[in-house]
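Visitor: I am new to this structure. Please take me through one part of it in close detail.

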Amino acid sequence: MIAILVLALQSALHPVEVSESPKDWQLFPRGENGLGEISVSGHWLPDASTQQLSLLVQSEGEAEWESVEKVKVESRAITASIRPFQLSVSAPAGLVDYQAFLILRRNGVDEILHSWSHLAVGDVLIIHGQSNAVAADYHGEQLANSTDQSRWIRSFGNSGTDAGLVAADLDWHIAGGEMQNVPGFIGSWGLDLARQVVDHEGIPVAVLNGAVGGTSVTQHQRNALDPEDLTTIYGRLLYRANHAGVREHARAILWYQGESDGAHAQVWRDGFKAMSNAWREDFTGLEHLWLVQVRRGCGSPSLQLRDFQRRFTHADDRMHAATANGIDGHDGCHFQYSSYVSLGAQLGPQVGHHLFGETALADMEAPDIQSASWADASHTALFLDFRNVSGSFQVPAGSWTTLALDDGAVITQVTAVGNRLRLDLAASSTATTVEFSGTSGNQTPWIRNERGLALMSFKDVPIE
């Protein structure tokens, strides 16, 4: 049909005024039916010569969908009146480039008034937090874009902190993972995770990254009087989501933050609870949240804070955990590109399972302690039992240096006994709790599950 249309963009004013329309490279969120709504609205002034206004959507494979508004002409003249129009086409999700055309039929001739290209239908994810959620190219490796960039991974607006630049950028972009505070930036592990979705699920993905380096959880709170306050981190993300048309359709938020809260564990816990409640109010389509447990290093996040991060996921089956523990290439604060990819690889199977119904992989979640118990009456050994462990453990020498009992008992050996850990002590112990802090940097080996995921940090777990 497009081949026979007359491309006659009028030099004079035509009787159609568009108020809302797609943008080039826009991603339209799919609904539960797998379809996304591509729509155009405005006002038009039909007369005897303009009997039809239509929205035509065409795919790469020449499939077409059309929405039409017609005026029935019963006589040679009709009474002209301005009327609103809304034309909408439902297009299926998939790795398909769509084009859309707004067409006016005048005197039997079709005229293309507007056209939009590289439209897609897929899913929406949000990444948020501080610098390891930003996940820029901190080591100048220039690997993220060449490895994972794709026309099927998109973002909206400017990820920076300048309110004016954020307000001004209302365009869609191919997502990038290297240079922060620029249009379309989503971070290196965000780009890797999105690429996994594209490859495994066969759908495009839009990712909005609202993270800001060096920020506390308090700085991420919503301004209740003005949720889209562009001077706030929360407001800038919400503004972008609203103007992208995805606020009600973001399926998950992945949160990586806590280093800057240091010893203020209680403040972090209360702040995260308030913020996640605000997310559920504003991002009404949220299905799942992911919380990445931070590790020792810059900001000196306390073990209590990190334990709060672990425990948050126990009370809500829509909240899931990952950990930065055991990820190599840690410079004490940030990570190498390959390390951020490791985080993407840790998150990918979980996202695939919980969002897309993929089969759960064995040991796809980091080992999370469930209980501790004495192995004998003399209290010279104890067992640790874990959630999420179906196989066994790798326990290299030196990997238990930050496992500790509250009475200071010396741990002489840690061994895997099936999916449990056995801690042997130098002497009888009077301890009542056990903890695991983990280390910064890359010098100390880690206890890992069979997929290579390290233990989550934990504090004050009672010994039964």
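**A buried pair and its surroundings**

Guide: Start with Asp368, which is buried at a relative accessible area of 3%. The model is predicted. Arg310 is buried too, with a relative accessible area of 2%. The side chains of these two, Asp368 and Arg310, meet in a salt bridge, at 2.7 Å from N to O. Asp368 lies in strand S15 (residues 368–374) and Arg310 in helix H7, so the pair ties together parts that are 58 residues apart in sequence.

Now look at another salt bridge. Asp316 and Arg318 meet through their side chains, 3.3 Å from N to O. Asp316 counts as buried, at 17% relative accessibility. Arg318 counts as partly exposed, at 35%. Back at Arg310 and Asp368, salt bridges with shared partners join both of them with Asp307, Arg311 and Arg387 in one network. A search of the whole structure finds 23 salt bridges.

Next, follow helix H7 itself. Helix H7 covers residues 303–312 and lies across strands S21 and S23. It runs at about 75 degrees to S23. Those strands belong to an open sheet of 3 strands, in the order S18-S21-S23, with antiparallel pairing. Strand S18 (403–405) and strand S23 (458–462) stand at the edges; each has a single partner strand, so one side of each is left without a neighbour in the sheet. From one strand to the next, the twist averages 20 degrees.

Finish at S18. S18 pairs with S21 (residues 433–436) over 3 bridges, in the antiparallel sense. There, Leu403 stands opposite Phe436 in S21.

Methods:
Residues numbered from 1 in each chain as written. Predicted model: local features only at pLDDT ≥ 70, side-chain atom pairs only at ≥ 80, totals over all residues. Heavy atoms only, no water. Pairing = 2+ DSSP bridges. Helix = DSSP H or I, 4+ residues; strand = E, 2+ residues; numbered from the N terminus. Axes fitted to C-alpha atoms, helices over the stretch in contact; angles between N-to-C directions. Contact = heavy atoms within 4.5 Å. Salt bridge = Lys/Arg side-chain N within 4 Å of Asp/Glu carboxyl O. Buried < 20%, exposed > 50% of the residue type's maximum accessible area, 1.4 Å probe, protein only.
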